[in-house]
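Subject: Structure for your review

Dear colleague,

My notes on it follow directly after.

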Amino acid sequence: EDFDGDGVCDIWESPADVFASIANYLKGYGWNATQRWGREVKVSSETSQRIAAEVAQRTGTCRATREMNGPLRLEEWQRLGVRTLEGSPLPKADFQASLVSGSTRHFLVYDNYDVLLSYNCAHAYALGVGLLSDRVAGGQ
């Protein structure tokens, strides 16, 4: 996509064209600009054990997808003991989320996260993009 207005789509030398091309790709795969990609959450060791016993891993061809639990409605994650980073209840919203767990950090991720994985099937990539976009936007 020619975003810098020079009449040439140059995804190798023009940062504006690179980012416009990526944005166009993500939009084509279902990116919803009105929704978040996900959020970091608190998961106690007891909650982790409960999740391992009760919530199936996802399936799919993408290894990162198969490493996630869910998806479940936010109220189900709440029932299992997942909380915001501040320890408060999860927001009341009518959509599903999957859980991505690392060794020390946990994230509830939404449909936009799957769109990021369709571009690059790696949690390091998708989490990096999500967390950086929150910082750029002034979020947590």
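I begin with the packing of two helices. H1 and H5 pack with their axes 9 Å apart and at an angle of about 120 degrees. An angle of 65 to 115 degrees would count as roughly perpendicular; H1 and H5 are therefore oblique to each other. The crossing of these two helices, H1 and H5, is right-handed. On the H1 side, the contact is made by Ile22, Tyr25 and Leu26; on the H5 side, Val115, Leu116, Ser118 and Tyr119 take part. Please bear in mind throughout that this is a predicted model.

Tyr25 and Tyr119 belong to one aromatic cluster, together with Tyr29 and Tyr125. The structure as a whole holds six aromatic pairs, and two of them deserve a description here.

The pair of Trp37 and Phe107 is tilted, with 6.1 Å from centre to centre and 40 degrees between the planes. Trp37 sits in the loop between helix H1 (15–28) and strand E1 (38–42), whereas Phe107 is part of strand E5 (residues 106–109). The pair thus links distant parts of the chain, 70 residues apart. Are these two residues, Trp37 and Phe107, buried or exposed? Trp37 is buried, because its relative accessible area is 4%. Phe107 also has a relative accessibility of 4% and counts as buried.

The pair of Phe95 and Tyr110 has another geometry. The ring centres of Phe95 and Tyr110 are 4.9 Å apart and the planes stand at 80 degrees, so the pair is edge-to-face. Phe95 lies in the loop between strand E3 (83–84) and strand E4 (96–101), and Tyr110 in the loop between E5 and H5, so parts 15 residues apart in sequence are tied together. Phe95 is partly exposed at 31% relative accessibility, while Tyr110, at 5%, is buried.

I turn now to the cysteines. How many disulfides does a search of the whole structure find? The search finds one. This disulfide is formed by Cys62 and Cys121, whose sulfur atoms are 1.7 Å apart. The torsion about the S-S bond of Cys62 and Cys121 is about 100 degrees, and the disulfide is therefore right-handed. It links distant parts of the chain, as Cys62 and Cys121 are 59 residues apart. Cys62 is found in the loop between helix H2 (45–54) and helix H3 (63–66), and Cys121 in the loop between helix H5 (111–119) and helix H6 (123–136).

Cys62, with 13% relative accessibility, is buried because the value falls under 20%. Cys121 has a relative accessible area of 33% and is partly exposed. A further cysteine, Cys9, has a relative accessibility of 44% and is likewise partly exposed.

With a relative accessible area of 32%, Asn120 is partly exposed. The C-alpha atoms of Asn120 and Cys62 are separated by 9.3 Å, although these residues are 58 residues apart along the chain.

With kind regards

Technical notes:
Residues numbered from 1 in each chain as written. Predicted model: local features only at pLDDT ≥ 70, side-chain atom pairs only at ≥ 80, totals over all residues. Heavy atoms only, no water. Disulfide = S-S within 2.5 Å. Helix = DSSP H or I, 4+ residues; strand = E, 2+ residues; numbered from the N terminus. Buried < 20%, exposed > 50% of the residue type's maximum accessible area, 1.4 Å probe, protein only. Phe/Tyr/Trp six-rings, centres within 6.5 Å; stacked < 30°, edge-to-face > 60°. Axes fitted to C-alpha atoms, helices over the stretch in contact; angles between N-to-C directions. Parallel < 35°, antiparallel > 145°, perpendicular 65-115°, else oblique. Left-handed = near helix turned anticlockwise from the far one by under 90°. Contact = heavy atoms within 4.5 Å.
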